[in-house]
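Subject: Structure for your files

Hello,

Please find the structure below. My notes on helices, salt bridges and aromatic pairs follow.

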Amino acid sequence: MGFWHYLFVRAALVYLVYTALLGSLFYLFPSLVGPFRPSHVHAGLVGFFLQMVMGVAYWMMPRPGGLRQEALEALTFFLLNAGLLLRLVLEPLYLMGHQGLGPWLGLAGALQLLATLVFAHAMGKRVVTADMLRKMREERERRRA
């Protein structure tokens, strides 16, 4: 497992614990549900689930031709987590009446969207058919000859 794969999985586990803790606090302090429910769901779905999927996909998906994507992995990780952390901090405040935070929440969403686009681009290079792999192999052999 590479460095970025490790960070994706570790961060996903942190968000899992955060989600469980926040869900438990909802029973102790029901007034938290209103402002924190969207953050709770987002931390679970994006923070844990999506981040785990991204980390495992970057780690386990085939690398045609020995493809290396460390820069795309790092960019995905930073964009996703910057957007997610921004949202988790600001959204409860926004829902408690700080309407001036709306543009910052828009930025948080844009960062997460960019992370998703970078990930889709990176995975698009890895999803190939057997015929495409054969052609890549033939091209490599032709260049060596």
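Arg142 and Glu139 are three residues apart in helix α5 (residues 130-144), so about one helical turn separates them. Helices here are DSSP runs of H or I with at least four residues, strands are runs of E with at least two, and both are numbered from the N terminus. Arg142 and Glu139 form a salt bridge, with the closest N and O atoms 3.1 Å apart. A salt bridge is counted when a side-chain nitrogen of Lys or Arg lies within 4 Å of a carboxyl oxygen of Asp or Glu. Arg142 is exposed at a relative accessible area of 53%, while Glu139 is partly exposed at 34%. The cut-offs are under 20% relative accessible area for buried, over 50% for exposed, and partly exposed in between (1.4 Å probe, protein chains only).

On provenance: this is a predicted model, in which local features need pLDDT of at least 70 and side-chain atom pairs count only at pLDDT 80 or more, while totals for chains, interfaces and linings use all residues. Residues are numbered from 1 along each chain as its sequence is written, and side-chain values use heavy atoms, with hydrogens and water left out.

Salt bridges

The count of salt bridges is seven. Arg87 is partly exposed, at 23% relative accessibility, whereas Glu91 is buried, at 10%. Glu70 and Arg68 also meet through their side chains in a salt bridge, at 2.7 Å from N to O. Here Glu70 is partly exposed at 35% relative accessibility and Arg68 is exposed at 56%.

Aromatic pairs

The count of aromatic pairs is seven. Rings of Phe, Tyr and Trp (its six-membered ring) pair if their centres lie within 6.5 Å; planes under 30 degrees apart are stacked, over 60 edge-to-face, and the rest tilted. The ring centres of Trp4 and Phe78 are 5.4 Å apart and the planes stand at 75 degrees, so this pair is edge-to-face. The pair links distant parts of the chain, with Trp4 in helix α1 (residues 3-28) and Phe78 in helix α3, 74 residues apart. Trp4 is buried, at 16% relative accessibility.

Phe8 and Phe77 make another edge-to-face pair, because their ring centres are 5.3 Å apart and their planes are at 85 degrees. This pair too links distant parts of the chain: Phe8 is in helix α1 and Phe77 in helix α3, 69 residues apart. Phe8 is buried with a relative accessible area of 0%, and Phe77 is buried with 11%. One aromatic cluster is formed by Phe3, Trp4, Phe8, Tyr58, Phe77, Phe78 and Phe119.

Helix α4

Helix α4 (residues 102-126) has 25 residues. From its first C-alpha to its last, α4 reaches 37 Å, close to the 36 Å expected at 1.5 Å a residue; the expected span is 1.5 Å times one less than the number of residues. Its buried residues include Leu105, Leu111, Val118, Phe119 and Met123, as well as Gln112 and Arg126. What covers the buried residues of α4 includes α2 (33-60) and α3 (70-95), where contact means heavy atoms within 4.5 Å.

Regards
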